[in-house]
Amino acid sequence: MLGILPTLHAQDAAFFESKVQPLLRANCLACHSEKNLTSGLSLETRESITKGGNRGPAVKTGNPAQSLMIEAVKHTGALKMPPGQRLKDEQIAVLEEWVKRGLPMPAALLKSKRPGADHWAFQAPKKATLPAVQQASWVRNPIDHFILAKIESAKLKPSAEAGRATLLRRVSLDLIGLPPTPMELEEFLNDQRPQAYEKAVDRLLASPHYGERWARVWLDIARYADSDGYTIDAPREIWMYRDWVINALNQDMPFDQFVIEQLAGDLLPNPTKAQLIATGFHRNTPSNFEGGIDFEQYRVEAVADRVQTTGAAFLGLTLGCARCHDHKYDPISQREFYQFFAFLNNVDEVDREADRREFNKPFLALGNEEEMKRYNAWEAQLQTLEMELTQYREKNALAGLQDPAALERQRGIDAHRRRMPKVQRTLIMRELPKPRQSYIHLGGDFTRRGSNVEPGVPAVLPPLAKKDRAPNRLDLAEWLVAKNHPLTSRVTVNRAWQKFFGKGIVDTENDFGSVGDKPTHPELLDWLAMEFMDRRWSQKALHKVIVMSATYRQSSEGRADVKAADPENRMLARQNRLRLEAELVRDSALVACGLFSAKVGGPSVYPPLPAGANTVTQVKREWKTSTGPDRYRRGLYTYFQRSAPHPGLILFDAPDATVTCTRRIRSNSPLQALTLLNDEAFFEFAQAFAKKLAEDKDTTDEARIRKGYMLTLNRQPSSMEAARVSKLLAAQRDAKRDETAAWTAVSRVLLNLDEFMTRE
Amino acid sequence: MTFDDKLTLARTRRQLFRDCGVGVGKMALATLLGEQAFGARHHPAKIEHVIYLFMAGGPSHLEMLDYKPELVKWDAKPTPDSMLKGKRFAFMDSFAKETPKLLGTRRKFTQHGRNGTWFSDLLPHMAGVADDVTVLQGVSTENFNHGPAKLFSNTGSFRPGRPAIGSWVTYGIGSESKDMPGYVVLQSGPRGPRGGASLWGSGFLPTAYQGIPFLSVGDPILDLSTPKGVGNEEQRQTLDAIRDLNKVRYEATADEEILTRISQYEMAYRMQSSGPELIDLSKESDATKALYGVEAGKPSYANNCLLARRLVERGVRFVQLYHTDWDHHDDITKPLDKVSREIDQPTAALITDLKQRGLLDKTLVIWGGEFGRTPMGEVREKGKIGRNHHIDAYSLVMAGGGINHGITVGGTDELGFSPSEQIEVHDVHATILHLLGINHLKLTYRFQGRDFRLTDIKGRLIDKLLA
């Protein structure tokens, strides 16, 4: 379109420069510039004027009468510009003349500039050559080149490798979220071959617990919970999605497929049940079922949340900032936010009071043959009844809403709904046959309609692949994981790095935009991003290359020289000590005391809850404490009620599952101490642990203390430590406490040590 | 060598280590010694504590505090279209079916205090402290459903996931309490408030700043009691061993996080003795108990008001009480009588008691709900009449330091429908922070690329309120 513009005639040029431009500068451009983009509108370039802002094109070239800008300056419509004062008639005439002539402007002002498009994160990653290093013998793989070069440039040396026991404990906790068993440790310590570590890593990557550990990391992003949130906070069935994530990770599903199935599994040709379950990802948004609400409002909230989550999880962009106005720092306009919104706005969810009974639809029902037969028959009958009601209303349009016969039919439908045969269901995505018309929400308020928008991606990023139909959610998913996308791969490897070192290469893991932090090692970030894609998006390969590096294997002990030169340890001249995540504190205690249930997957479970912990919610929910092995399942299976999350999780910084969480905080509070010291569950662990220590009747106190250390910290106590534990034991015996009680005290000490809840 | 000898040796080593130029754990040590890690206020504070009495459900301003004789005159008349046009209400369908009728209050209002502040007969005790309180009229909020509106009152956003005001305050200026959390939540009434933990959650702030619910049954704080069969002596011995062994680890790793952990375990121990002492009301005089209307052994709003005073005495920064059951759609008569009786005396008693102990000057007491109720009546059941949710104008009551007393700030039109001057929730928040010495524009936290604040993009100080 721009190519066929006539060249600018001299008189047009003079007209623009002498008449139009000064007028725009004095009256319009303060707000409507490429930079400020008030209401999404810039009057700075011909392209931006014809494209227009949130209310649509500002000008129809050649036609002043049909141009919004002219209407606005004339003050004839609802929109009056500039605000507060009308232009003089002769000024308006200039603008009309300009529109009539077809908006002549000099060549430099034809196309929109996208300020910020040159930002590093929007450029495709490049594989740099490995930097040269002096201490080449330290290097184990390419990661180490990048890290060591920087360490050396700061005149530092890397730390020595951590002790072998520490190393196995670290890599076990990082890869499967469980400490090694004494047997695994012994085997590892006895295996002196050079490939012993790699063998251990491969064993861990193949463990079914790998999927559990990394599923939990992903579930934070997915804001997974077992209840609806908001006011009523009723239970919801979506644990099958959680299990889908575990399985996908255990099978090392390529990350691109992992993304596509979760965002748009339902739109794949002939989707499998698993692919439908995967779409639970974006159904984890809180949903409001309170009386008297406007369902559309909370549906809109959920869609906006999906945009924000997609932005943070894959793009590392704060798209949410553009919901009410154009992004203040990054080249993302409010219009682009709603174009993105349009991809996610077509799910067949409840948007009006009349459909209240179908709350939380769409579902996928999954049962055995018999159950499905019953369920399908029920569903068919429901559709028949609903159709009959619709037909009746159409025939008796004058009867009104209170027509007794219609009400009777409605009651019949309600009764039928209550008779739904028992079958396992899970929340999924299902597209409406006809997409909703998306529009810009002026000021972020969905009741204030701006111009209509169609699905589209931010212009600063690569374009969508061309298709011969309107783009949909599947196109969005495929676009996210396209090879030329500069962000998804970088953001994903950065988040993995963050798990293995405590901080990402980009510290602001959810903001790769212009106010986010710059990468400390940009070439390493790109190398990892490229490597990730080259290895067919294998997450296991990514994790392996990181844990095999010398960088990862360093000791985490504090060093005076590192502290002085690099107080935040951004150069990684040593590893970091990291407190375990909430679930892992529990899991480690379960393993140590021997109560651990290794079962993978299934409905969420109910470990003991401190008395009174769920009395603060509007609707009291029964907590039926699990018995048998389900009492001792991993933390990730604990039923998560949004309005009263299990304190054992939330006090150790598990996210509250309201919005996406891409990084957990690690706090250190007295309430954590109370939990580990006094909570019923942890005391039960300590008692079981004491029993285990006392199992061997013949051994000495010293041997038992050593066993206790091995089980909790995976190492032998120093003589000083052993002496201190003996001192406690002696005090207990002095107080005439029985042996079980005395050893329970010892167990409580071990389960409360900082080192126990830390990955060193 | 005994353990203690070895530890002394290790300490000496640490001394050496430190002298080599490692500034070991300054912050963590400060915490250990109980020094203030915070305290940097933007301007001198007028108050040190906040007690926020949250009436969950939406008390009717028109029955309690906002006297509208004109509305009584218009009683049972159809609501003019101008009041309904373009407005969104909760339960739209019930208003859509037929034009709602205006409802004049049946309550008797009288004037109290030197400036003649209006109170209805539902609040005789609060009327008695008229000169100590200020009534805010025409406060407006942004969402007409309970859960979201409560979130808005508490976090400045109707979306879950933002930090509560108490979290912002303790994040900003810490707390003086050495043996209690800085932000405590108490609850009374037939059920918990809608939204539950998200109302006092710390959102994206560290979880150390979340509100800690004190329970009225069992342990006041979860897991506060030692496990069954474990005595205090044993608990102390266990803690000593944990501390000593953690110190050993600190010597090896120089990780200051361990020092923080040691101090947190000590704090936990102190909480174990101070918690039961806190909730033991038996030492309070009979006169005090009678003032509040406390009944021994019976959890109630009155108990919680007395507990709030005790918490403030112990340096707790932000105390929030929830009292539920204010959602009077069906019937604005007897159910409202009942819940008003539950809160009137204890609320007035709290103000009186704080005053006589010299605490009122450094405490701000706020009373109010998430929204008010419509001047239009709502009929859900034949023969009964209630009111719907109203977000454009409702009443709050404040008492305490740094504010003017005995006056009314703001106002509403003749029917109690629209405010005559704008006072928004963000303005209330800005003003609370201001009294605490915090500039609401400067207390920010960067999350997902944006500097968030309690007052979002709004918030003006309520000048007429400030002394």
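What percentage of the 760 residues of chain A count as buried? In this predicted model, the share is 48%.

**View 1. Overall build of chain A.** Chain A contains 29 helices and 6 strands. Taken along the principal axes, a box of roughly 105 × 80 × 45 Å holds the C-alpha atoms of chain A. When contacts in chain A between residues at least 6 apart in sequence are considered, 67% of them link residues at least 24 apart.

**View 2. Contact between chain A and chain B.** On the chain A side, 75 residues are in contact with 68 residues of chain B. At least two residues of this side come from each of helix 13 (295–315), helix 22 (560–565), helix 24 (647–650), helix 25 (670–678), helix 28 (719–734) and helix 29 (739–751) of chain A. Sorted by class, the side of chain A that touches chain B comprises 34 nonpolar, 23 polar and 18 charged residues.

**View 3. Hairpin of strand 2 and strand 3 in chain B.** Strand 2 (residues 109–112) and strand 3 of chain B run antiparallel and are joined by 4 bridges. Phe109(B) has Ser120(B), in strand 3 of chain B, as its bridge partner. Between the two strands of the hairpin there are 4 residues, and Gly113(B) adopts a positive phi near 80 degrees.

**View 4. Side chains of strand 3 in chain B.** Strand 3 covers residues 117–120 of chain B. Thr117(B) and Phe119(B) point one way from the strand, while Trp118(B) and Ser120(B) point the other way. Residues on both sides are buried: Thr117(B), Trp118(B), Phe119(B) and Ser120(B). Ser120(B) is also the residue that bridges to Phe109(B).

How values were computed: Residues numbered from 1 in each chain as written. Chains lettered and ligands numbered in written order. Predicted model: local features only at pLDDT ≥ 70, side-chain atom pairs only at ≥ 80, totals over all residues. Buried ≥ 20, exposed ≤ 12 C-beta atoms within 10 Å, placed from the backbone. Pairing = 2+ DSSP bridges. Contact = placed C-beta atoms within 7 Å. Nonpolar A, V, L, I, M, F, W, Y, C, P; charged D, E, K, R; others polar.
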